[in-house]
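Please keep the sequence and the structure at hand while reading.

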Amino acid sequence: MALSPGSIADHIADIPLVDHHVHGCWTGGTDRTRFENALNEGNTDLVESDDAPFDSQIGFAVRRWCAPVLGLPAHVTADDYWRCRAALAEDEVARRFLGAAGVSDWIVDTGLPGVADPPTLAVWSGSAAHEVIRLESLAEDAVARGGSYVAAFDEILDDRSVTAVGTKSILAYRGGFDGDVTDPHPSEVEEAARRWRDAGRSRLTDRTLLRFGLHRGLRLGKPLQLHVGLGDRDADLHRTNPLLLLDFLRNSGATPVMLLHCYPYEREAGYLAQAFSNVYVDVGLAVNHLGARAPELIARVLELAPFRKILYSSDAFGPAELHYLGAALWRHGLATTLQRFIDADAWTLDDAVRVAELIGFGNGRRVYGLTGP
Amino acid sequence: MALSPGSIADHIADIPLVDHHVHGCWTGGTDRTRFENALNEGNTDLVESDDAPFDSQIGFAVRRWCAPVLGLPAHVTADDYWRCRAALAEDEVARRFLGAAGVSDWIVDTGLPGVADPPTLAVWSGSAAHEVIRLESLAEDAVARGGSYVAAFDEILDDRSVTAVGTKSILAYRGGFDGDVTDPHPSEVEEAARRWRDAGRSRLTDRTLLRFGLHRGLRLGKPLQLHVGLGDRDADLHRTNPLLLLDFLRNSGATPVMLLHCYPYEREAGYLAQAFSNVYVDVGLAVNHLGARAPELIARVLELAPFRKILYSSDAFGPAELHYLGAALWRHGLATTLQRFIDADAWTLDDAVRVAELIGFGNGRRVYGLTGP
Amino acid sequence: MALSPGSIADHIADIPLVDHHVHGCWTGGTDRTRFENALNEGNTDLVESDDAPFDSQIGFAVRRWCAPVLGLPAHVTADDYWRCRAALAEDEVARRFLGAAGVSDWIVDTGLPGVADPPTLAVWSGSAAHEVIRLESLAEDAVARGGSYVAAFDEILDDRSVTAVGTKSILAYRGGFDGDVTDPHPSEVEEAARRWRDAGRSRLTDRTLLRFGLHRGLRLGKPLQLHVGLGDRDADLHRTNPLLLLDFLRNSGATPVMLLHCYPYEREAGYLAQAFSNVYVDVGLAVNHLGARAPELIARVLELAPFRKILYSSDAFGPAELHYLGAALWRHGLATTLQRFIDADAWTLDDAVRVAELIGFGNGRRVYGLTGP
């Protein structure tokens with residue numbers, strides 16, 4: 001059912017979004033294999049023939065939503081899409097999609113390498129770009145300094161938090177939530193850091209240091225983003241059920257804790273957003289991967305979560321298509337869901353517009369302390 | 001899509017409901033803070049600004065459904081709603097909402113203090129009110145008597161079950177389902193009771209005594225209600241997955257076991273209702289909190305659960321709005337769902353009416369042994 | 001909303017299905033009690049009055065979809081349906097329903113006794129029937145031979161895999177997925193087989209031997225089917241969450257692993273189908289039991305799973321109604337879901353037809369190496 005003109009869809013089309021969790025886009029070196037792999041989130045190998053990422057909801061969504069941004073008809077074939085895209089320079093692709101996203105503020109997790117940095121994102125999009133500190137990357141910098149790990153960690157965090165608007169943890173990928181998440185004693189931390197340094201490894205997997213980082217993030221007081229649910233198969237998805245964070249949340253004080261992605265636990269995450277005054281939720285990443293099913297996902301997060309606790313994000317990384325697609329699918333999916341509420345006389349149009357603005361930018365600006373555009 | 005006249009909605013509008021799990025409503029002392037806190041189920045602290053309970057599905061649902069019962073337009077603002085409500089005496093509020101609910105029988109869990117008792121509910125609503133014995137409260141009475149705990153427990157249970165129509169356990173809040181749920185030996189029970197008495201605590205958390213109460217409930221043979229899923233954050237929600245009750249249910253004999261609330265495990269609960277002849281399910285409490293999304297929840301419980309195993313409840317506690325809202329949202333949500341089945345030619349209207357009557361009152365009257373109004 | 005002519009429904013109506021996981025149908029001896037019990041998947045006891053299988057989604061679906069195949073009006077009463085059905089010979093019932101299913105290839109798990117064998121299915125349906133080897137049954141044959149268990153297992157597997165198109169494991173029913181699923185050492189296997197033989201039991205429950213069978217299935221390289229989720233209450237449903245298979249899948253090489261049924265974990269299974277190039281998924285069995293709600297289930301599996309990784313199955317066993325009903329509900333449910341995508345301009349009709357053909361037969365033919373009809 002197409003949404004009628006004058007509907008909530010029209011209002012949502014113009015909302016300037018705060019994309020509160022995103023990564024950089026590619027700056028070059030794209031080929032079709034790399035592009036198709038970027039459309040598969042779960043698989044850490046090169047995708048094989050049956051994975052066929054263009055034959056998936058996200059693949060269909062790229063053809064549907066991204067093609068027109070490149071001047072192609074909606075639903076163009078994958079081959080035609082690729083041919084057109086490949087003829088453009090990567091920065092040209094990025095400028096078109098970033099601009100079309102209608103995002104006023106990108107809040108960028110810089111923990112993934114090889115992509116555009118926040119200043120480049122800002123230039124290409126004509127919007128503001130802010131940084132989020134990935135705590136596990138900071139830990140790697142801290143251990144490399146030698147001396148007291150705690151002191152080094154705190155010093156780097158102090159320095160970077162002058163400009164950064166929040167922190168981010170990928171504990172979900174480093175053992176999951178079903179273990180100890182209490183704040184370790186500094187002496188345990190120093191001992192663990194010594195072991196890590198002595199082992200000569202760079203990747204942080206030590207639980208004590210992961211817990212330390214998490215609690216330093218809490219202590220900072222700026223929003224602490226947590227990867228939850230959907231990601232690649234390196235994570236044990238069932239160990240990322242956010243309900244496993246209950247004890248952590250019960251002791252998290254007033255620092256905003258931002259549950260990211262959350263699929264397939266978006267209803268559990270919504271519960272936590274109701275149960276804790278400092279918990280917020282989004283369904284970024286999953287929106288892109290669900291494509292035509294994104295409206296249902298957005299509807300499910302609109303169950304228990306209070307409306308001031310829900311945010312928008314794309315979690316885009318790599319192809320700039322994803323930075324745009326997140327916004328396009330979110331606008332369409334939210335409009336579809338809210339129109340159903342209005343049609344059922346459960347909500348008024350005014351209520352719907354207000355909630356869309358809260359989710360689209362109001363909550364993000366308020367929680368991250370951004371000024372409007 | 002509004003439901004057309006002559007539709008299943010018309011039939012469901014007139015069904016006299018059995019609300020098979022409910023608490024008392026307030027008798028006075030209401031202020032706006034208390035009211036808003038009562039709209040948040042998960043949070044055990046006072047809600048803060050971002051919780052904004054009026055900016056949630058249940059808040060919107062109060063404005064939509066409850067306002068007309070007070071003579072206000074549907075979708076009135078929260079401030080206007082509150083102003084009107086605050087001008088009425090609490091018993092007047094209660095009389096209006098309880099009467100408007102169209103409930104013939106309230107089955108009342110009296111385990112929560114500070115609210116109207118069953119006789120008061122009966123008077124204010126003009127309907128029957130029955131009692132359910134909360135096993136954990138009974139345990140506290142039993143331990144206070146001194147002497148043999150088992151004998152005291154059995155004596156109180158015998159006395160109260162003369163009039164009570166069932167029992168209720170909140171094991172979900174006292175450790176959850178993922179532990180031993182077998183029937184303990186009487187000597188273990190007496191020993192545990194001694195420890196509890198000696199510790200001078202009033203709140204029952206001892207697993208042995210919780211298990212004992214549960215099995216005394218089973219042995220009584222009257223419907224045994226179990227809190228499942230959605231509740232406040234004192235419970236570990238993931239430990240209330242009803243699938244963790246499989247071993248208990250495999251040994252539960254013929255006593256009806258009523259799985260209450262169940263969100264977000266309503267599909268798992270529906271499976272159990274199919275797998276065990278003595279298991280029943282409802283989605284009370286969650287219906288109120290999902291508001292505009294309640295139809296989808298009701299639809300999900302209509303997946304595996306046989307239609308004679310599903311019941312209606314509000315689980316209302318506190319504001320009498322909730323006693324009415326449960327009924328209003330259930331009527332609307334069930335009608336929406338069944339109308340879709342009819343429109344798809346999957347069900348006939350006659351089937352839909354029959355199933356609505358089973359869920360609305362037929363199953364409740366039969367299982368609890370109530371006579372009709 | 002009825003689907004309009006010329007729609008995706010018309011295209012799907014004519015698709016010749018590959019039913020990639022099914023059992024035999026009854027050959028006689030049917031009475032109403034046996035029939036009603038066959039409509040309840042979860043309950044292992046005889047169903048009692050409140051189970052009333054005709055008052056369930058699958059019961060309503062039989063009246064809706066199966067009645068016309070017997071020349072009765074859709075939605076006929078249960079009594080009238082039974083009267084007509086009981087007047088026909090079982091093979092006549094089977095011929096009608098098997099023929100009406102529009103299935104070109106049945107891939108038959110012969111592990112359940114007392115039903116028609118593949119050649120009989122082929123004759124009654126006029127279609128091809130292929131066999132899948134149930135690894136736990138093969139284990140029972142192997143242990144009965146005496147001598148080396150490993151040698152006997154491999155010899156039988158070699159013999160049967162000349163014609164069989166795949167293997168099947170019911171590990172879900174024999175302890176579940178939340179334990180060791182690594183490949184055991186042959187000496188452990190022989191020792192475990194000795195213990196099993198000495199114990200004189202026939203039913204395989206030894207974890208070592210279950211793991212051995214699973215890995216022999218993997219080594220064979222033909223599709224390995226795994227029962228996941230929905231089944232009877234002998235299984236601990238929460239131990240069949242397919243996410244518990246992550247470690248197994250990470251080491252499963254290139255052998256196709258087919259996740260069967262999956263309810264209520266169909267979204268988790270869809271994630272695995274994206275995360276692993278060799279993982280495939282279906283929602284058979286659950287489709288029959290969800291009846292009017294089957295479209296929503298089918299829609300949920302169309303979230304993360306790539307479209308070349310989804311297959312059709314009925315998992316029918318017993319009444320031939322179920323062999324037909326799976327197909328009818330799948331056609332209707334998929335058409336309903338895809339029509340919504342088309343109506344929302346998210347997919348084109350051409351895309352929808354192509355995906356329906358992939359799921360209906362293309363993926364099955366390709367993965368199992370079947371030639372077309």
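Is Asn43(C) buried or exposed? In this predicted model, Asn43(C) counts as buried, because its relative accessibility is 7% and the cut-off for that class is under 20%.

## Asn43(C) and its surroundings

Asn43(C) is placed in the loop of chain C that runs between helix H2 (32-38) and helix H3 (57-66). Its side chain makes a polar contact, at 2.9 Å, with the side chain of Arg233(C).

Leaving aside residues up to four places away in sequence, Asn43(C) touches Asp51(C) and Arg233(C) in chain C, and its contacts also include Gln274(B), Ala275(B), Phe276(B) and Ser277(B) of chain B.

When residues up to four places away in sequence are not counted, Ala116(C) touches Gly24(C), Cys25(C), Thr27(C) and Trp124(C). Between the C-alpha atoms of Ala116(C) and Asp91(C), which are 25 residues apart along the chain, the separation is 9.7 Å.

## Relation between the copies

Chain A is superposed on chain B by a rotation of 120° with 0.0 Å of shift along the axis, at an RMSD of 0.0 Å. This is the relation of a three-fold axis, and the C-alpha of chain A nearest that axis belongs to Glu296(A), at 5.9 Å.

The copies meet through different surfaces, because only 3% of the interface residues of chain A are also interface residues in chain B.

Note on methods: Residues numbered from 1 in each chain as written. Chains lettered and ligands numbered in written order. Predicted model: local features only at pLDDT ≥ 70, side-chain atom pairs only at ≥ 80, totals over all residues. Heavy atoms only, no water. Contact = heavy atoms within 4.5 Å. Helix = DSSP H or I, 4+ residues; strand = E, 2+ residues; numbered from the N terminus. Buried < 20%, exposed > 50% of the residue type's maximum accessible area, 1.4 Å probe, protein only. Polar contact = N/O pair within 3.5 Å; in protein donor to acceptor, adjacent residues only side chain to side chain. Least-squares fit on C-alpha atoms with pLDDT ≥ 70 in both.
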